[in-house]
Amino acid sequence: MKIAILSLASQNYATRRLVGSSRAMGHTPFVLNPFGFYLHVGGEGRQIYYEDSPVNDFDVVLPRLSSSTAKYGEEVIAHFEWAGVPAINRAQSIANARNKFRTLRILAQHGLPVPPSFTAGSAQFLDRCVREAGEFPFIMKPFEGTHGKAFLLLDTQTSLASAVDAMCDLHQDYVIQPFIQESSGHDARVIVVGGKVVAAMRRTAPAGEFRTNIHRGGEGHPIHLRDEYIDTALRATAAMGLEVAGVDLLQTSAGPLILEVNPSPGFEEVEASTGIKVAEAIIAFAEEFIAS
């Protein structure tokens, strides 16, 4: 296979592993900066150029989009799809999954368990929102973002109203959820590839921190998932229309709750903590994907 890996960071762990795994499995990978593409419509039709050369002869596209490359990268992927080149994952599915509130709505529409969540265009009716969503403290997070950046823990009505006013003044979208105390400081990251759970780890936050992100000092440990959690991760990935995803789950006494579904999940810590070769699983699935 001739594989296009869309990534701004060629030295990123996941990108390097996908390149190495592709070569080891007999394929030819190319790491392409999403901003290096030129897309054409009309005239001669659906033309795709990378720097000075036409590039519509790839067998498959593997997107590894970050917050800085997502918007334009999604257009690049959509153009490849239009040209008949399959992508793992597709542009619209990536766009949906990168929006945390839209993700929650799609999951809820499919009957999947998500935390009570709300967003609002102003602080005017926060009292009602809070009554319907739960009890303090609440967590505020942006619609889009990774690594726990810009997450706020708000424990009073005053702090919540001030945060909402600030976000509205800055025209920033956000989602607010009750802080679930019984799951404080830990969650599960599940890697799904091609309709199968290939790896999972338990993430634990460092002392004094509520965010479990490894980039925030969290630690990963292998975990054996119960069937209920496996089924939830698979259904969430399918509901979002993704072939490859990282599903973050809270483990509660009532069962799993889905926090988010990441369409470009990092897997360095998952591979390190479990010994499972996630990159090879993705390339093996790509082989099956284009053959089907």
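The legends below describe close-up views of a predicted model.

Residue numbers start at 1 along each chain as its sequence is written, and side-chain values use heavy atoms, without hydrogens and water. Local features need pLDDT of at least 70 and side-chain atom pairs pLDDT 80 or more, whereas totals for chains, interfaces and linings use all residues.

**View 1. The largest nonpolar core has 22 residues.**
A nonpolar core is a set of buried Ala, Val, Leu, Ile, Met, Phe, Trp, Tyr and Cys residues joined through side-chain atoms within 4.5 Å. Buried stands for under 20% relative accessible area, exposed for over 50%, and partly exposed for values in between (1.4 Å probe, protein chains only). Phe 267 and Ile 282 have the most contacts inside this core. At least two core residues each come from β1 (2-6), α1 (13-24), β6 (60-63), β10 (186-193), β11 (196-204) and α9 (278-291). Helices (H or I, at least four residues) and strands (E, at least two) are DSSP runs, numbered from the N terminus. Helix α9 gives the largest share of the core, six residues. Apart from this core lies another, of 20 residues, including Val 190, Met 240, Leu 242 and Val 261.

**View 2. Ile 282 is shown with the residues that it touches.**
Contact is defined as heavy atoms within 4.5 Å. Not counting residues up to four places away in sequence, Ile 282 touches Leu 18, Leu 62, Val 193, Val 244 and Phe 267.

**View 3. Helices α1 and α9 cross at roughly 55°.**
Two packed helices are described by the angle between their axes and the distance between the axes. Here the axes of α1 and α9 come within 9 Å. Axes are lines fitted to C-alpha atoms, for helices over the stretch in contact, and angles run from 0 to 180 degrees between N-to-C directions. The two helices, α1 and α9, are therefore oblique to each other. Angles under 35 degrees count as roughly parallel, over 145 as roughly antiparallel, 65 to 115 as roughly perpendicular and the rest as oblique. The crossing of α1 and α9 is right-handed, the term for a near helix turned clockwise from the far one by less than a right angle. On α1 the contact is made by Arg 17, Leu 18, Ser 21 and Ser 22, and on α9 by Ala 279, Glu 280, Ile 282 and Ile 283.

**View 4. Arg 17 is found in helix α1.**
Leaving out residues up to four places away in sequence, Arg 17 touches Phe 267, Glu 271, Lys 277, Ala 279 and Glu 280. The C-alpha atoms of Arg 17 and Ala 279 are separated by 6.0 Å, although these residues are 262 residues apart along the chain.

**View 5. Five strands form an open sheet in the order β12-β11-β10-β13-β14.**
The pairing is antiparallel; two strands pair if DSSP finds at least two bridges between them. The edge strands β12 (219-222) and β14 each pair on one side only. Neighbouring strands of this sheet are turned by 30° against each other on average, direction ignored. Six bridges join β10 to strand β13 (residues 244-252) in the antiparallel sense, and Ala 245 in β13 is the bridge partner of Val 192. Helix α7 (residues 227-239) lies across β10, β11, β13 and β14 and runs at about 140° to β13.

**View 6. Seven of the eight residues of helix α3 (residues 91-98) are buried.**
These are Ala 91, Ser 93, Ile 94, Ala 95, Asn 96, Ala 97 and Arg 98. Their cover includes β6, α2 (70-82), α4 (100-109) and β14 (255-262). Asn 99 has its place in the loop between α3 and α4, and counts as buried at 10% relative accessibility. Asn 99 touches Phe 143 and Glu 144, not counting residues up to four places away in sequence.

**View 7. Three strands form an open antiparallel sheet in the order β8-β7-β9.**
At the edges stand β8 (152-154) and β9 (174-178), each with a single partner strand, so one side of each is left without a neighbour in the sheet. Strand β7 (residues 138-142) pairs with β9 over five bridges, and Pro 142 stands opposite Tyr 174 in β9. Helix α4 lies across β7 and β9, running at about 60° to β9.

**View 8. Ala 150 lies in the loop between β7 and β8.**
Ala 150 is exposed, with a relative accessible area of 57%. Leaving aside its neighbours within four places in sequence, Ala 150 is in contact with Met 140, Lys 141 and Pro 142.
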